[in-house]
Amino acid sequence: MEVKLSDLLEVKATVQLFNGQRWRLENGEAYRYTTLFDHGKPQYVDFAKGSIDKLFPEIKILSDKKRRVVAQRLNRNCRLLTTRENKWFKLHPKKKEHKRELEVYALITGIEANDFQKWLR
């Protein structure tokens, strides 16, 4: 499933941009942070603030609070797509209507992968 800007306005997550910067998303705000180690334990220090709408096109990896990758995009021209089921984007395969959605999602992903391979040539 595609992650949209409106989805990120209400979640607590971390993102990595294409330029390697790491940002923390919280309550509709974005905070750039770094990790310092104090006696071997990581301490996260915020040092800049920004808006999520300006960061959204540059997001490469979206992670949840447990640092698991939730969504990613291959390059700046691709959509930000979910990589796993999580509390924000749930799929219930027990229901018949969701089985069809998963099939359509797999079909679209395959078509996009084919188009990307053709573009590389």
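**A helix and the pocket beside which it is found**

Guide: Ala 106 is partly exposed, with a relative accessible area of 49% (buried means under 20%, exposed over 50%, and partly exposed in between, with a 1.4 Å probe and protein chains only). The model is predicted, so local features need pLDDT of at least 70 and side-chain atom pairs pLDDT 80 or more, while totals for chains, interfaces and linings use all residues. Residues are numbered from 1 along each chain as its sequence is written, and side-chain values use heavy atoms, without hydrogens and water.

Ala 106 belongs to helix α3, which covers residues 96-120 (a helix is a DSSP run of H or I with at least four residues, a strand a run of E with at least two, numbered from the N terminus). Although Ala 106 and Met 1 are 105 residues apart in sequence, their C-alpha atoms are 9.9 Å apart in space.

Helix α3 also gives the most to the lining of the largest pocket, namely seven residues (a pocket is an open set of points on a 1 Å grid where a 1.4 Å probe fits, with protein on both sides within 12 Å along at least five of seven lines; lining residues have an atom within 4 Å of a point). Strand β7 (81-82), like α3, supplies at least two residues of this lining.

The side chains of Glu 2 and Arg 79 meet in a salt bridge at 3.4 Å, N to O (a side-chain nitrogen of Lys or Arg within 4 Å of a carboxyl oxygen of Asp or Glu). Glu 2 lies before α1 (5-8) and Arg 79 in the loop between β6 (69-72) and β7, so the pair ties together parts 77 residues apart in sequence. Arg 79 is partly exposed, at 32%, and Glu 2 is partly exposed, at 33%.
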